[in-house]
Amino acid sequence: MATFPCFRETTLPRTSIDLPVSVDRDASVPLTVQLGNRLRAAMRDGTLKSGERLPSTRALARQLAVSRTVVTEAYQQLYAEGWLDGRHGSGTYVADVVVHAPSPPAAPAGPLASAGPAAFAGPAGAAGAAWSGVVPPDLPAGNGAAPAGPVIDLRPGRPWVHDYDRAAWRRAWRAAADLPPGDDPDPYGLPRLREALAEHLRKTRAVAVGPENIMVTRGTGNGLDLVAATLLRPGDRAGVEDPGYRVAGNVFAARGAEIVPCPVDRDGVVVEELPGDLRVLYTTPAHQYPLGGRLPIPRRERLLAWARRTGAIVVEDDYDAEFRYDVAPLPALHCLDPGRVVLLGTLSKSLAPDVGVGWLVAAPDLLAAVARTRHDLADRTGGPAQQAVAVLLERGDLDRHLRRMRLEYARRRAAVVDVLGPLVSGDTAGLHVMIEVPPAAVPFVVARAAERGVLVDWTEGPRRSDRPRGHGLVLGYGSASLTEVRRGSTVIAELVAAWWDGEGRKGEAREEPGRTGETRGERTGEGGRREGPAGKGARR
């Protein structure tokens, strides 16, 4: 009987069962994921009860005609999630988990709960929706049918975490485990990691700074909160891109700031429309979330001139800077004015979200103020994680991983563009694209896609200004396989075509009273021919 050394002692009964599960070798979903999903479902519906003993990894692998590794990894994942328990020399058991009955379907006016049981199994993505963390109240829920087959999750903000160098990963954590635990965490982070990050940023982002300019954080959200806690006082005005990263507004609001929506266009934040009384401005110049623009050099210069004139601090989220597919990435905005720009970075997209390591780069005096704030808040980044990341950087393992993933993501991005073509924008970098459709089409496409097992995000929804802005679907291709990306994109293309053919537009006259002729996002081509969003082929 295979056991895992991380399993704790237990007094669960030794009841053994035969598992009524199977896997499909022809499916696009990995066998390990299939097995984990089927075991979770069996525990949720009561087929597997608390305390029941599962077969050994060898026995179950023989039953399913798969390798023992498939079963071992599925068991390990379920143990990590708390579904399984066990002890050395005894076996693997269903943990004593209280499983709640699923909530009844929400009314059509509520969130998209009826779009399928897995539609919102977790948060809306590490990146967060563009001011649309909840479904717009007028979003129809379709016919309430559950997705047919496995769910394809194309929501943004999720990287691919299944393809990594396991030997390098184990080596890094073994090296971290060999070091004694620290008793006085440095608010700046481990000097060893800060030195490695300085070299990494110099090579990848042209940021020429030393360790004295770097603080190790737990990620972008943590770094942004530390900056907000240091710089903002109740009533200060903090600018966020609109549409933009929802979490940034949440962080500033939690520190008592007045949130000021700042308009963006295809290239990024519109400098000419920035107010002159902002204390802090949050922006994503490398790959604007969600529209996908890259802030060009002339506008960067104007943005910094605005910041110097008004005294504002610009917080640069280096979102998606690691992944460009057209040209080399522009140097970080921080390089142009290190005294006025705070640079935030994270490993959540380049490696994995749960590593929990990021960085904050700022002028030494501002960084010292942030360090004092951090000390006062007893905030810290875990030492073992810092040590492990330092090993990955020092040995070049992270660089090799990034090169491999750039190629992999480029293939998935190409699949999206191949299928959706003229509808795609913001595809030159990152792990997501915009799918440009009229606002009236968004509810139809999102709901019907969810019924068919494809989850996407969108830019319409709760918003913080009345200014017209980009609209459409936000499709992430980071966490789905190449096959799933192609299948999901095909579903979206079919649904957009169905909407244009009239299937989803029956209530359009009621939604936009007084409109005649062309609908939003549509124009009339030569000879009166109707064309889709952006005039078919006007792809950026």
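**The helix pair and its surroundings**

Modeller: The crossing of α11 and α13 is right-handed, meaning that the near helix is turned clockwise from the far one by less than a right angle. This is a predicted model, in which local features need pLDDT of at least 70 and side-chain atom pairs count only at pLDDT 80 or more, while totals for chains, interfaces and linings use all residues. Residues are numbered from 1 along each chain as its sequence is written, and side-chain values use heavy atoms, without hydrogens or water.

Helix α11 covers residues 397-420, and helix α13 covers residues 482-500. Helices here are DSSP runs (H or I, at least four residues; strands are E, at least two), numbered from the N terminus. The two pack at an angle of about 20 degrees, and their axes are 9 Å apart. Axes are lines fitted to C-alpha atoms over the stretch in contact, with angles from 0 to 180 degrees between N-to-C directions. So α11 is roughly parallel to α13 (under 35 degrees).

Which residues of α11 and α13 make the contact? From α11 come R411, R412, A415, V416, D418, V419 and L420. From α13 come L482, V485, R486, S489, T490, I492 and A493. Contact means heavy atoms within 4.5 Å. The residues of this contact divide into eight nonpolar, two polar and four charged. Ala, Val, Leu, Ile, Met, Phe, Trp, Tyr, Cys and Pro count as nonpolar; Asp, Glu, Lys and Arg as charged; the others, Gly among them, as polar.

Setting aside residues up to four places away in sequence, I492 touches L420, I435, V445, A449, V454, V456, L473 and L475. The largest nonpolar core has 69 residues, and I435, L473 and I492 touch the most other members. Such a core joins buried Ala, Val, Leu, Ile, Met, Phe, Trp, Tyr and Cys residues through side-chain atoms within 4.5 Å. A second, separate core of 27 residues includes M215, V227, L232 and L367.

Next, the other end of α11. H200 is found in helix α5 (residues 191-205). Beyond four places in sequence, H200 touches R205, L393, L398, D399 and L402. H200 and E394 are 194 residues apart along the chain, yet their C-alpha atoms are separated by 9.2 Å. H200 counts as buried because its relative accessible area is 8%; buried is under 20%, exposed over 50%, and partly exposed in between (1.4 Å probe, protein chains only).

Phi of A206 is near 55 degrees, a positive value in a residue other than glycine. A206 lies in the loop between α5 and β6 (214-217), and is partly exposed at 45% relative accessible area. A378 also has a positive phi, near 55 degrees. A378 sits in the loop between α9 (364-377) and α10 (383-394), and is exposed at 53%.

Finally, the cis peptide bonds. One joins D242 and P243, with omega about 0 degrees. P243 lies in the loop between β7 (237-242) and α7 (246-254). Another joins Y289 and P290, with omega about 10 degrees. P290 lies in the loop between β10 (280-283) and α8 (297-310).

Technical notes. Angles under 35 degrees count as roughly parallel, over 145 as roughly antiparallel, 65 to 115 as roughly perpendicular and the rest as oblique.
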